[in-house]
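Hi,

Here is the structure I promised to pass along. Have a look at it first, and my notes on what turned up follow below.

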Amino acid sequence: MRKNIVAGNWKMNNDLSQTESLLNDLKKETNTGNAEVIVAPTFVNLYPAFENLKGTDIIVAAQNMHQNTNGAYTGEISASMLRSVGVTTVILGHSERRAYFHESDELLAQKVNTALENDMRVIFCFGEELADRKGGTHEKVVESQLSNALFHLDSDQWKNIVLAYEPVWAIGTGETASPEQAQDMHAFIREVVKNKYNASTAEDVTILYGGSVKPTNAQEIFSKPDVDGGLIGGASLKATDFFQIVNAF
Ligand code: PGA
């Protein structure tokens, strides 16, 4: 059975004291218990976040990770380093990583492998750009992103994969996919996974929607049968907004 997840991607926001204060605010909120809650602070604040949230149900995730296990890669962070500070979930393939840091499907396939080899859970992001949507190629684009980065895995490995469909045109723009557009794409993704693997792999994988999810639209989006939660950027930076989204299920 797949679970509902609401994950906050803080991106390059919040220094240490802002991180502590947002986490303290988050701990005052009530989770009605229908969704797992994840927060992804920046690398330097992962360990303080892990320590701060000990004894709560809120899970700490990283926003990225290097594909190699160790070595001369100045400035990079490995899977085992993340694990050593209590982090076992990592976001990979975010559209900002793809656009600004030139992360390709092939590179992401390597990162996914490394994460899974280190017993980490991957929140794998993908989604089409506006031109793809306008040109009607959005399904093709999404299918190839999935197949290039994930379809070498065996079905058992999918237990540690969470998908996050994030149309690039909806990220940080205030423009959201309609609940119907999200549902259509999520159903399509499940069909693609089913055709590649089997019905139970497709049914069991959690598929999050991301792109301008807010307290005002979360409930309608999450009410769709194939939408199992959200990856939240801007609205995850305020505890009350984030928990309104968490409790939208
Ligand atoms: P947004 O970001 O909610 O600010 O649109 C979503 C994301 O980038 O994951």
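**Pockets and barrel**

Helix H4, spanning residues 95-100, contributes three residues to the lining of the largest pocket, the most of any element. Please keep in mind that this is a predicted model.

That largest pocket has a volume of about 390 Å³. Its lining is made up of 16 residues, and those nearest the centre are Met-12, Gln-63, Asn-64, Arg-97 and Phe-101. Sorted by class, the lining holds six nonpolar, six polar and four charged residues.

Strand S6 (161-165) and helix H9 (199-204) each provide at least two lining residues, and H9 gives the most, with three. This lining splits into six nonpolar, five polar and six charged residues.

Now to the fold. Eight strands form a closed barrel in the order S1-S2-S3-S4-S5-S6-S7-S8, and the pairing is parallel. From one strand to the next, the twist averages 25 degrees. As one example of the pairing, strand S2 (residues 36-40) and strand S3 (residues 59-62) run parallel and are joined over two bridges; Ile-38 sits opposite Ile-59 in S3. On the sheet packs helix H8 (residues 179-196), which touches strand S5 (121-126), S6 and strand S7 (207-210). The direction of H8 makes about 145 degrees with that of S7.

Best wishes

Conventions. Residues are numbered from 1 along each chain as its sequence is written. This is a predicted model: local features need pLDDT of at least 70, side-chain atom pairs count only at pLDDT 80 or more; totals for chains, interfaces and linings use all residues. Side-chain values use heavy atoms; hydrogens and water are left out. On a 1 Å grid over the protein atoms alone, a cavity is a set of points where a 1.4 Å probe fits but cannot get out, and a pocket is an open set with protein on both sides within 12 Å along at least five of seven lines; lining residues have an atom within 4 Å of a point. Grid points are joined across faces, edges and corners, and a volume is the space filled by probe spheres set on the points. Helices (H or I, at least four residues) and strands (E, at least two) are DSSP runs, numbered from the N terminus. Ala, Val, Leu, Ile, Met, Phe, Trp, Tyr, Cys and Pro count as nonpolar, Asp, Glu, Lys and Arg as charged, and the others, Gly among them, as polar. Two strands pair if DSSP finds at least two bridges between them. Axes are lines fitted to C-alpha atoms, for helices over the stretch in contact, and angles run from 0 to 180 degrees between N-to-C directions. Contact means heavy atoms within 4.5 Å.
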